[in-house]
Amino acid sequence: MVPVVRNVESMNYAEIELAIAALGEKARKGALAVEDMDGGTFTISNGGVFGSLMGTPIINPPQSAILGMHAIFDRPVAIKGQVSAVINSCRITFFSSSPPPNTVRFFPF
């Protein structure tokens, strides 16, 4: 489970950042309570900070979806059988608890 930032629809970006920082500080102190991790609807999981190339994020019920972000790496691109470029790309995984089917995409940067 992960901490939940509540009422983000009424916050601006700076307020969301402050709420995330407060939860991070609470986690570092070991002071997170079950109530801090209950009631979320959507999770963003960033394994990329650990160098993750891929993974399978797990939805925590009753959440509706999870977005898994992974590391950005240089990857070779083959065009007509020849390696012609190296691009930065990132694997992004989106899992939903209902249709459409889950998707996995590579995004170039």
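**Asp-36**

I began with Asp-36 and found it in the loop between α1 (13-28) and β1 (42-46). Helices here are DSSP runs of H or I with at least four residues, strands are runs of E with at least two, and both are numbered from the N terminus. I am reading a predicted model, where local features need pLDDT of at least 70, side-chain atom pairs count only at pLDDT 80 or more, and totals for chains, interfaces and linings use all residues. Residues are numbered from 1 along each chain as its sequence is written, and side-chain values use heavy atoms, with hydrogens and water left out.

Is Asp-36 buried or exposed? I noted it as buried, because its relative accessibility is 15%; buried means under 20% relative accessible area, exposed over 50%, and partly exposed in between, with a 1.4 Å probe and protein chains only.

Next I looked up which residues touch Asp-36, with contact meaning heavy atoms within 4.5 Å. Leaving aside neighbours within four places in sequence, I listed Val-2, Pro-3, Val-4, Arg-6, Lys-26 and Ala-31.

**Asn-7**

I then turned to Asn-7, which sits in the segment before α1. Its phi is near 60°, a positive value in a residue other than glycine.

**The whole protein**

I counted 1 helix and 4 strands, running α-β-β-β-β from the N terminus on. Of the 109 residues, 21% count as buried. Among contacts between residues at least 6 apart in sequence, 34% join residues at least 24 apart.

Last, I noted an accessible surface of about 7,900 Å², with 63% of it belonging to carbon and sulfur atoms; such areas come from the Shrake-Rupley method with a 1.4 Å probe, and for residues only the protein chains shown count as cover.
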